[in-house]
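Hi there,

Here is the structure I promised to send over.

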Amino acid sequence: MQTRAATKDENMQHNKKTRHVPLDSNIDRITTLQNLLEDEISKISNNVTLHAWKILPLRYQTIIMGDRKLDCDTSSEWKPELKYDFDPITGDDEIVTVDLGGTPIQCLKKGDALQHIVKMARIIPDYRKHIPSIRNMEMDDDDVIICAFAKSGTHWLWEITSMLRNGKPDYHGKEKTSAMFEFVPAEVLRASPKPRIYNTHFTPQGLPKQVFDRNCKILFLQRNPKDVLVSLLPFLKGHKFLDSAIKWDEFICKYMELEVESSLLNWFYYTRQWFEFLKEGHDNIYCLAYEDLKDDPVMEITKLAKFLDVGENSDLFKDIAIKCSFHNLKQAATSKVETFTINNKEAAKKITNFTYRKGEVGDWKNYFTIGVNEKFDALYAKKMKGIDFKYRYSL
Ligand code: A3P
């Protein structure tokens with residue numbers, strides 16, 4: 001029997017009937033399905049009906065979870081495990097739109113924490129229940145919490161702190177996301193072995209209330225915002241929060257217009273919240289800068305050790321600096337990431353590559369044009385008025 005290729009019209013007819021999306025590659029297929037869903041969400045968001053909001057999260061689950069073929073087709077792509085319930089969105093929930101280029105993203109907002117309602121639903125706990133449970137979580141006097149805006153060197157400081165507290169230059173057995181307030185249920189965090197080192201990108205208003213009643217120590221890590229933003233774009237794209245096609249020029253322009261008060265995305269908002277909080281004068285908060293750590297790691301580790309009260313041990317501090325150098329940490333991270341990508345080496349490599357990208361001070365100079373730089377400086381002066389802190393933009 002002779003066969004012939006289907007005509008374009010027949011294909012279109014077929015696609016209409018089966019609701020398939022004609023696409024070149026399977027990886028694009030997932031992304032496009034997700035984008036189509038987001039389109040539909042944004043289309044109806046101006047005219048929200050309770051009924052529609054109730055259905056959409058369920059449809060998302062059906063497509064991503066129910067249709068197992070999609071996962072199989074993208075064997076080179078790691079799909080995170082969907083393990084938490086995500087209740088239907090109701091009229092009481094606050095939904096905000098974030099536009100950082102590409103398709104605007106719909107997020108659930110709880111306090112100043114954002115949860116991407118398509119891509120982060122069911123991968124992390126539902127923020128409507130999770131944020132209050134973290135706020136009410138019990139803390140112990142010897143718990144340490146690392147607080148930093150995303151891409152400020154949190155992984156780095158987490159490993160250093162872990163080595164200092166254990167008195168050995170051995171890498172932490174787990175990836176730092178296993179100890180993040182954003183992703184892990186309070187009861188699991190509480191059940192983790194001591195000494196506990198939590199980490200978070202939350203502002204002070206998102207921390208467990210007991211942090212301030214107990215003797216817990218907080219490490220507040222900062223990095224200059226220009227390098228942070230250069231690092232943020234590949235991170236957001238890598239985690240599929242933003243479309244992979246978004247270019248730096250578009251991103252930075254949109255970023256400078258970002259108004260949403262988000263602990264995860266808005267560096268200006270996040271940093272102001274912390275500075276306002278520090279002004280109140282709290283004990284047990286130690287401030288560090290990425291650039292200082294890069295400039296003289298042994299000295300910074302020595303000062304940190306004093307704050308953590310772990311005793312003087314200059315040989316250990318030197319060993320820790322070496323073990324936690326960018327290249328050593330990156331190498332050690334790959335095998336850890338493999339454990340949560342369920343041994344998908346290719347996916348682990350990708351994640352490690354955008355998490356440990358360059359590890360330099362001043363890479364922003366390769367991205368900021370003169371015009372963007374001037375605009376950014378002016379915006380900084382406006383948004384950070386009254387904040388007396390000097391970031392280091394080069395070493
Ligand atoms: P770049 O993207 O500029 O390379 P976080 O851990 O908060 O997500 O921050 C990630 C940033 O810290 C990345 O920045 C990463 O490379 C950098 N980083 C991680 N470990 C580092 C190290 N040992 N030395 C210098 N930078 C490091």
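Arg392 is partly exposed, at a relative accessible area of 29% (buried means under 20%, exposed over 50% and partly exposed in between, with a 1.4 Å probe and protein chains only). Its partner in a salt bridge is Asp292, with the closest N and O atoms 2.6 Å apart; by salt bridge I mean a side-chain nitrogen of Lys or Arg within 4 Å of a carboxyl oxygen of Asp or Glu. The two residues are 100 apart in the chain, Asp292 sitting in helix H11 (residues 290-295) and Arg392 in the segment after helix H16 (370-383). Asp292 is partly exposed too, with 26% relative accessible area.

Before you go further, please note that this is a predicted model: local features need pLDDT of at least 70, side-chain atom pairs count only at pLDDT 80 or more, and totals for chains, interfaces and linings use all residues. Residues are numbered from 1 along each chain as its sequence is written, and side-chain values use heavy atoms, leaving out hydrogens and water. Helices (H or I, at least four residues) and strands (E, at least two) are DSSP runs, numbered from the N terminus.

Searching the whole structure gave 19 salt bridges. One of them joins Lys254 to Asp99, at 3.0 Å between the closest N and O atoms. That pair spans 155 residues, from helix H9 (residues 248-255), which holds Lys254, to the loop between strand E1 (94-98) and strand E2 (105-110), which holds Asp99.

Another connects Asp140 and Lys194, also listed at 3.0 Å, N to O. Asp140 is in the loop between helix H5 (127-135) and strand E4 (144-148), and Lys194 is in the loop between helix H7 (186-191) and strand E5 (197-200), so this pair ties together parts 54 residues apart in sequence. Asp140 counts as buried at 17%, whereas Lys194 is partly exposed at 45%. Both belong to a network of salt bridges with shared partners, together with Glu138, Asp142, Asp143, Arg190 and Arg196.

And what about strand E4? Five of its five residues are buried, so E4 is largely enclosed by the rest of the structure. Val144, Ile146 and Ala148 cover one face, with Ile145 and Cys147 on the other. E4 runs parallel to E5, joined by four bridges (strands pair if DSSP finds at least two bridges between them), and Ile146 stands opposite Asn199 there. Five bridges join E4 to strand E6 (residues 217-222), again parallel, where Cys147 faces Phe220.

Best wishes
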